[in-house]
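Which contacts shape this fold, and how do its helices pack? The report below works through selected residues and helices.

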Amino acid sequence: MSGSSKRYPAELRERAVRMVAEVRADHESEWAAMTKVAELLGVGTPETIRKWCRQAEVDAGKRPGVTSEESAELKRLKRENAELRRANAILKSASVFFAAELDRPQR
(Lines give C-alpha, C1' and ligand atoms only; values in the text may rest on other atoms or scores of the structure.)
Protein backbone atom coordinates (compact mmCIF):
# COMPACT_ATOMS: atom_id res chain seq x y z
CA MET A 1 0.00 0.00 0.00
CA SER A 2 2.91 2.29 -0.34
CA GLY A 3 1.86 4.80 -3.02
CA SER A 4 -1.89 4.49 -2.67
CA SER A 5 -1.84 4.87 1.11
CA LYS A 6 -0.73 8.48 0.68
CA ARG A 7 -3.19 9.35 -2.09
CA TYR A 8 -6.29 7.88 -0.47
CA PRO A 9 -7.35 8.14 3.18
CA ALA A 10 -7.55 4.97 5.29
CA GLU A 11 -11.33 5.39 5.67
CA LEU A 12 -11.78 5.24 1.89
CA ARG A 13 -9.61 2.12 1.62
CA GLU A 14 -11.58 0.39 4.39
CA ARG A 15 -14.90 1.40 2.81
CA ALA A 16 -13.77 0.10 -0.59
CA VAL A 17 -12.83 -3.29 0.89
CA ARG A 18 -16.21 -3.52 2.66
CA MET A 19 -18.07 -2.52 -0.51
CA VAL A 20 -16.32 -5.19 -2.60
CA ALA A 21 -17.42 -7.84 -0.09
CA GLU A 22 -20.97 -6.46 -0.11
CA VAL A 23 -21.43 -6.25 -3.91
CA ARG A 24 -19.40 -9.33 -4.84
CA ALA A 25 -22.51 -11.54 -5.18
CA ASP A 26 -24.05 -9.06 -7.66
CA HIS A 27 -21.16 -9.46 -10.13
CA GLU A 28 -19.83 -12.32 -12.24
CA SER A 29 -16.35 -12.01 -10.75
CA GLU A 30 -14.46 -10.37 -7.92
CA TRP A 31 -12.67 -8.22 -10.50
CA ALA A 32 -16.01 -6.94 -11.83
CA ALA A 33 -17.03 -6.03 -8.27
CA MET A 34 -13.70 -4.23 -7.76
CA THR A 35 -14.13 -2.38 -11.04
CA LYS A 36 -17.60 -1.19 -9.98
CA VAL A 37 -16.38 -0.08 -6.53
CA ALA A 38 -13.45 1.80 -8.10
CA GLU A 39 -15.94 3.55 -10.37
CA LEU A 40 -18.34 4.41 -7.52
CA LEU A 41 -15.62 5.76 -5.22
CA GLY A 42 -13.62 7.54 -7.91
CA VAL A 43 -10.51 5.43 -7.35
CA GLY A 44 -8.21 5.58 -10.39
CA THR A 45 -8.03 1.88 -11.18
CA PRO A 46 -9.59 -1.40 -9.99
CA GLU A 47 -6.04 -2.69 -9.44
CA THR A 48 -5.75 -0.26 -6.53
CA ILE A 49 -8.91 -1.73 -5.00
CA ARG A 50 -7.56 -5.26 -5.60
CA LYS A 51 -4.36 -4.43 -3.70
CA TRP A 52 -6.35 -2.99 -0.80
CA CYS A 53 -8.53 -6.12 -0.67
CA ARG A 54 -5.50 -8.44 -0.71
CA GLN A 55 -3.78 -6.42 2.02
CA ALA A 56 -6.96 -6.52 4.12
CA GLU A 57 -6.98 -10.33 3.74
CA VAL A 58 -3.33 -10.50 4.88
CA ASP A 59 -4.06 -8.21 7.84
CA ALA A 60 -7.04 -10.39 8.81
CA GLY A 61 -4.89 -13.55 8.64
CA LYS A 62 -6.86 -14.97 5.71
CA ARG A 63 -3.91 -14.82 3.32
CA PRO A 64 -0.16 -15.24 3.86
CA GLY A 65 2.02 -12.16 3.62
CA VAL A 66 3.38 -9.18 5.52
CA THR A 67 0.70 -7.37 7.49
CA SER A 68 0.39 -3.59 7.40
CA GLU A 69 1.52 -3.51 11.03
CA GLU A 70 4.64 -5.60 10.29
CA SER A 71 5.38 -3.47 7.26
CA ALA A 72 5.15 -0.25 9.30
CA GLU A 73 7.40 -1.73 12.01
CA LEU A 74 9.96 -2.82 9.42
CA LYS A 75 9.94 0.66 7.88
CA ARG A 76 10.41 2.23 11.34
CA LEU A 77 13.30 -0.12 12.17
CA LYS A 78 15.02 0.57 8.83
CA ARG A 79 14.76 4.31 9.48
CA GLU A 80 16.14 3.87 13.00
CA ASN A 81 18.96 1.67 11.67
CA ALA A 82 19.91 4.35 9.11
CA GLU A 83 19.97 7.01 11.85
CA LEU A 84 22.20 4.81 14.02
CA ARG A 85 24.58 4.22 11.09
CA ARG A 86 24.83 7.99 10.54
CA ALA A 87 25.49 8.55 14.25
CA ASN A 88 28.19 5.85 14.23
CA ALA A 89 29.88 7.42 11.20
CA ILE A 90 29.92 10.80 12.98
CA LEU A 91 31.33 9.26 16.16
CA LYS A 92 34.06 7.42 14.21
CA SER A 93 35.07 10.65 12.48
CA ALA A 94 35.15 12.46 15.79
CA SER A 95 37.26 9.76 17.45
CA VAL A 96 39.77 9.87 14.57
CA PHE A 97 39.92 13.65 14.86
CA PHE A 98 40.44 13.62 18.64
CA ALA A 99 42.98 10.79 18.45
CA ALA A 100 44.97 12.85 15.97
CA GLU A 101 44.76 15.87 18.31
CA LEU A 102 46.12 13.78 21.19
CA ASP A 103 49.03 12.52 19.07
CA ARG A 104 49.99 16.06 18.02
CA PRO A 105 52.85 17.55 20.12
CA GLN A 106 51.69 20.34 22.42
CA ARG A 107 53.48 23.74 22.23
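## Glu 57

Beyond its neighbours within four places in sequence, Glu 57 is in contact with Glu 30, Lys 62 and Arg 63. The model is predicted. Glu 57 belongs to helix H4. Its relative accessibility is 22%, so Glu 57 counts as partly exposed. The cut-off for buried is under 20%.

Glu 57 and Pro 105 are 48 residues apart in sequence. In space, their C-alpha atoms are 68 Å apart.

## Helix H4

H4 has 14 residues, which at 1.5 Å a residue should span 20 Å. The end C-alpha atoms of H4 are 20 Å apart, which agrees. The buried residues of H4 are Pro 46, Thr 48, Ile 49, Trp 52, Cys 53, Arg 54, Gln 55 and Val 58.

Just after H4, Gly 61 has a positive phi of about 80°. Thr 67 sits in the loop between H4 and helix H5 (68–103). Thr 67 has a relative accessible area of 19%, so this residue is buried. Not counting residues up to four places away in sequence, Thr 67 touches Gln 55, Val 58 and Asp 59.

## Ile 49

Ile 49 also lies in helix H4. Its relative accessibility is 0%, so Ile 49 counts as buried. With neighbours within four places in sequence left aside, Ile 49 is in contact with Ala 16, Val 20, Met 34, Val 37, Ala 38 and Val 43.

Ile 49 and Arg 15 are 34 residues apart in sequence. Their C-alpha atoms are 10 Å apart in space.

## The nonpolar core

The largest nonpolar core has 15 residues. Val 20, Val 37, Leu 41, Val 43, Ile 49 and Trp 52 have the most contacts inside it. Three helices each supply at least two residues of this core: H2 (10–23), H3 (30–41) and H4 (46–59).

What does Val 43 touch, leaving aside its neighbours within four places in sequence? Val 43 is in contact with Tyr 8, Leu 12, Ala 38, Thr 48, Ile 49 and Trp 52.

## Helix H2

H2 has 14 residues and reaches 20 Å from its first C-alpha to its last. That is close to the 20 Å expected at 1.5 Å a residue. Which residues of H2 are buried? They are Leu 12, Arg 13, Ala 16, Met 19, Val 20 and Val 23. These residues cover an arc of only 125° around the axis, so they are on the same side of H2. An α-helix has 3.6 residues a turn, so residues three or four places apart point the same way.

On the other side of H2, Glu 11, Ala 21 and Glu 22 are exposed.

## How H2 meets H4

Two packed helices are described by the angle between their axes and the distance between the axes. The axes of H2 and H4 come within 9 Å. They cross at roughly 85°. H2 is therefore roughly perpendicular to H4.

Residues from both helices make the contact. H2 brings Leu 12, Arg 13, Ala 16, Val 17 and Val 20. H4 brings Ile 49, Trp 52, Cys 53 and Ala 56. Of these, Val 20, Ile 49 and Trp 52 are also among the residues with the most contacts inside the core.

Key
Residues numbered from 1 in each chain as written. Predicted model: local features only at pLDDT ≥ 70, side-chain atom pairs only at ≥ 80, totals over all residues. Heavy atoms only, no water. Core = buried A, V, L, I, M, F, W, Y, C linked by side-chain atoms within 4.5 Å. Buried < 20%, exposed > 50% of the residue type's maximum accessible area, 1.4 Å probe, protein only. Helix = DSSP H or I, 4+ residues; strand = E, 2+ residues; numbered from the N terminus. Contact = heavy atoms within 4.5 Å. Expected span 1.5 Å × (residues − 1). Arc of directions from axis to C-beta. Axes fitted to C-alpha atoms, helices over the stretch in contact; angles between N-to-C directions. Parallel < 35°, antiparallel > 145°, perpendicular 65-115°, else oblique.
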